[in-house]
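Hi everyone, thanks for having me.

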Amino acid sequence: MRELTFTEAAREALTEQMEKDPTIFVVGEGIGPRGGNFNTTLGLYEKYGPMRLRDTPIVERGFVGMCCGAAMTGSRPVVDFMFFDFILDSMGELINQIAKIQYMSSGRIKMPLVLRGSIGVGGSAATHHSGSYYPFFVHLPGIRVALPTNAYDAKGLFKTALTGNDPVLFLEHKLLLNKKAPVPEEEYFIPFGQAAIAREGSDATVVALGSMVPKALEAGEALSKEGSAIEVIDPRTLNPLDIDTILESVHKTGRLLIVDETFAPCGVGAEIATQVMHKAFDDLDAPVARLNGLQTPTPYSPPLEAALIPNTQTITQALRDLLAE
Amino acid sequence: MAIEIAMPKLGWTMEEGVLVEWLKKDGDAVNAGEILFTVESDKALQEVESFDSGILRIPPDSPPPGSTVKVGALLAYLVQPGESAPFEKQAAAKAPAPNAAVQTTASATPIARQTSQATVRANEAIPNISPRARRIATELGVNWMQLKGSGRTGRIVERDVRAAARPPTFAPVVIPPPTQITPVAQRAAQELGVDLNALAARFPGKRITREDVEQAAKENFTSHLKAEPREQTTSQRAPMTPTRRVIAQRMSESAHTTAPVTLTTEVDASELVRLREQLKADKVASQQPIPTFTDLLAKLSAHALREHPALNSRIEGDEIVTEPSVHIGIAVDTERGLLVPVLRDAQNKSLRQIAAEAQELVARTREGKASGDELRGSTFTITNLGMYDIDAFTPIINLPECAILGVGRIVPKQVVMDDSERVAVRRMMFLSLTFDHRLVDGAPAARFLQRIKQLVEQPYLWLVD
């Protein structure tokens, strides 16, 4: 099978859907002739022109608000933030309008809006360009949150995002963008709320988010040499969250570690741990463990940045500790 | 929303029960209050009714009738018309939450037991155990109180429980399936000496009729003749029934914890025999049940126990608890094994009342219909082996009671009468009293038995009650 990078696969999803659906247009900074800072729209301007690939000034609140109105009136806008950190400048539109309008109109008004951007710590992007912030957004009702971790999932989830009627945050971790994976030629969709079991095992479960998935897989590989079989679950979407797959895994292993590079307090790991404790208490052979990035702004210094977030060694050690509980 | 139907907890000590039979089928409409299935547990057969209305859906992996099921285990669902059952939607989905709740309650029992044995292990702390290990210990029947944990803080984890679990046995498991037996067939089987369990195993799921029993009786006879020279060479293994397990557990608990002493005395039961004969001969009251010797002894024992309350007491921790009421347990031999239904407040009841109640209680116990409550809470037990020509024996105390009265056969004997030294033929009987020396000493127990003897020989003393 051919292999595509994460970005190529997502771009292919966008191209396929733009071909089928003339109401889809993309808005953002440098997404026109430049093709996007991360090549998210490379080649699309030549194909679909300035009406459907519209460069904007640096004014997130303005273009997110306009796209909100466009979605309400029947278009299907895609906002490309380049760095997802800058969605913070449009929080009022996002939370008060985009997330709520379907509820406030009793479902008469749809909100088929996709908000995409790169997230995560990596490459010395420093404190304004390294945020993930998805714990905020999974807290809110009315917004879907997709967190693909490979090219195959990126395409399938983006296709689903571009065909639904809910606002979707499509988060692309910058360390995963150039990672290749087999992607079939045939069209496919991946439904939201369906976790992937990235590695099967019976001794402990790791729920890994975003860039932590490949690291957890490496930790699982390292521990298999020590005789422990680690199961790695990639939720793929955080809202909706596929808790059932996690519960089934915990039923099998009795031990759970949640690895997430975002801050621990009130994070996704806290939510998963509570649900597991509540719904699978009698399956737990050890307290649920979490491994998170430090709760601090992201430093520029490469060694400091590296020390900030979990890596293969710290995940492996956390799993050893969990197995010894 | 589908409503889960689980194995109910029908008594404090119930940890599992045999799902005997579904009285509704998969797909049947059920009204609240209708009987769903029967459960054998804690020595009683009980009917379980539905709390809700709906369509009964039994998952394909639900425990089959005849199997032993943990309390709280999922048996079926009630769904609304048109609704699909959870096992159809998602075969892999599981419902841990309700199970978790029930299992937590179920596994609270060992802790409660631990507390009641406070005298033995007073300050010993309960070990830490992970929820999963506790669940698996319950499933495997492992007593985790004894285990040493290998977890970081000494916590007992799954691997400790699994290591402690006995290796699985590969003995052939023969569980007779539940079978309906017509009352006529039941009587015929008794008369012809046909083993109904064996017959039921031969015709699983079939209703056994009198013809089947008679046929089996003939075959038995012939096969017996043929089989006689051949001897069985392999030992047979079968799992203990829940009743057998409870009996085994209670008997060994009694044997290990009590300090039993048995006193025997020979009593002159002639007056008791005469009393019974007069009651039998009374045409006016011919509709009333005639008290059995056990009933008579229950009545007079209640009288004696009120005068000797120490024999009506029990040990709880470091305390001695004496009950104001006398609840007499009557040992009954049933198909399933020894059961002890309880005649409550015997001290307040007339002989007629006791006779009527005991007759009904014993009949229901034999049919397996006595409820768990009816088989609990006795303060003194009477066990009568007179019908098997037994004279005296050493009964085992029915914990937590203090004493048990064993009744022997009544036989005519030549006896030297105290007053005149002349010899007369009297109806003599041995009484064996086993008492717990932890609770009472030999002399008070002997005085109690002596009083029983007096009340047997002079029934007017208690008939005025």
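This is a predicted model: local features need pLDDT of at least 70, side-chain atom pairs count only at pLDDT 80 or more; totals for chains, interfaces and linings use all residues.

Residues are numbered from 1 along each chain as its sequence is written, chains are lettered from A and ligands numbered from 1 in the order in which they are written, and side-chain values use heavy atoms, with hydrogens and water left out.

Okay, chain A. Helices here are DSSP runs of H or I with at least four residues, strands are runs of E with at least two, and both are numbered from the N terminus. Look at helix 8 (residues 212-224) of chain A and helix 12 (residues 312-324) of chain A: their axes come within 8 Å and cross at roughly 55°. Axes are lines fitted to C-alpha atoms, for helices over the stretch in contact, and angles run from 0 to 180 degrees between N-to-C directions. So helix 8 of chain A and helix 12 of chain A are oblique to each other; under 35 degrees would be roughly parallel, over 145 roughly antiparallel, 65 to 115 roughly perpendicular, and the rest is oblique.

Who makes the contact (heavy atoms within 4.5 Å)? From helix 8 of chain A the residues include Met212(A) and Leu223(A), and from helix 12 of chain A they include Ile315(A) and Arg320(A). That contact divides into 7 nonpolar, 2 polar and 3 charged residues. Nonpolar is Ala, Val, Leu, Ile, Met, Phe, Trp, Tyr, Cys and Pro, charged is Asp, Glu, Lys and Arg, and the others, Gly among them, are polar.

Over in chain B, helix 11 (residues 293-307) and helix 12 (residues 351-366) have axes that come within 10 Å and cross at roughly 130°. That makes helix 11 of chain B oblique to helix 12 of chain B as well.

Now, is Thr7(A) buried or exposed? Thr7(A) sits in helix 1 (residues 6-20) of chain A and is buried, at 6% relative accessible area. Buried means under 20%, exposed over 50%, and partly exposed in between, with a 1.4 Å probe and protein chains only.

Last stop: chain B has an open sheet of 4 strands in the order 1-8-6-3, with antiparallel pairing. Two strands pair if DSSP finds at least two bridges between them. Strand 3 of chain B is joined to strand 6 (residues 54-57) of chain B by 2 bridges, and Val30(B) stands opposite Gly54(B).

How values were computed:
Contact means heavy atoms within 4.5 Å.
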